Amino acid sequence: MIHHDLAKNAYWRFDGIGNSIICTNAIFYLAALAPLFPTFTLISHFIVGTERSPTDLRVALIFSMLGVIPHLIYTLVVFFSISYMSLYKALLLGVVAWTVAAAILVLTWQYIQG
């Protein structure tokens, strides 16, 4: 447990430093790509792939592809609202839009699967 916590803290410190450096550089836009690295997705796909059937993994992969939709909606909402409101309000509105889109995605997926 202690080693896990140390690794987690080291990761967040490194990620924060890396993003700080990237954000102040001429290639600042790469800071938006770094959080999209599929760390947790790799872990979850590995677990599903080793503990479930290949068919179940394919289902999880399809849902992963659809999971990009809430992120796209968040990005679009922030992109278009930033011209009309403060950064904080635009980001909050984006989070609300992501939450609604994610809830719709999950409910729709459950309906289709059920």
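Predicted model: local features only at pLDDT ≥ 70, side-chain atom pairs only at ≥ 80, totals over all residues.
**Exercise 1.** Classify the packing of helix α3 against helix α5, and name the residues in contact.

Solution. 
- Start with the geometry. Two packed helices are described by the angle between their axes and the distance between the axes.
- Helix α3 covers residues 54-66 and helix α5 covers residues 87-113. Their axes come within 11 Å and cross at roughly 150°.
- Apply the cut-off: angles over 145 degrees count as roughly antiparallel. Therefore α3 is roughly antiparallel to α5.
- The crossing of α3 with α5 is right-handed.
- List the contact. From α3 come Val-59, Ile-62, Phe-63 and Leu-66; from α5 come Leu-105, Val-106 and Trp-109.
- Sort by class. This contact of α3 with α5 has 7 nonpolar residues, no polar and no charged.

**Exercise 2.** Are α3 and α4 roughly parallel or roughly antiparallel?

Solution. 
- Take the angle: α3 and α4 pack at about 5°, with axes 4 Å apart.
- Angles under 35 degrees count as roughly parallel. So α3 and α4 are roughly parallel to each other.
- The contact joins Ser-64, Met-65 and Leu-66 of α3 to Val-68, Ile-69 and Pro-70 of α4.
- Its classes, for α3 with α4, are 5 nonpolar, 1 polar and no charged.

**Exercise 3.** Describe the second largest pocket: what volume, which lining residues, and which helix gives the most to the lining?

Solution. 
- The second largest pocket has a volume of about 250 Å³.
- Its lining consists of Ala-32, Leu-36, His-71, Tyr-74, Thr-75, Val-78, Phe-79 and Trp-98.
- Helix α4, residues 68-81, gives the most to this lining, with 5 residues.
- Sort the lining by class: 6 nonpolar, 2 polar and no charged residues.
- Now link back to Exercise 2. His-71, Tyr-74, Val-78 and Trp-98 line the pocket, and these residues also take part in the contact of α4 with α5.

Key. Residues numbered from 1 in each chain as written. Heavy atoms only, no water. 1 Å grid on protein atoms, 1.4 Å probe; cavity = no way out; pocket = protein on both sides within 12 Å on 5 of 7 lines; lining within 4 Å. Points joined across faces, edges and corners; volume = space filled by probe spheres on them. Helix = DSSP H or I, 4+ residues; strand = E, 2+ residues; numbered from the N terminus. Nonpolar A, V, L, I, M, F, W, Y, C, P; charged D, E, K, R; others polar. Axes fitted to C-alpha atoms, helices over the stretch in contact; angles between N-to-C directions. Parallel < 35°, antiparallel > 145°, perpendicular 65-115°, else oblique. Left-handed = near helix turned anticlockwise from the far one by under 90°. Contact = heavy atoms within 4.5 Å.
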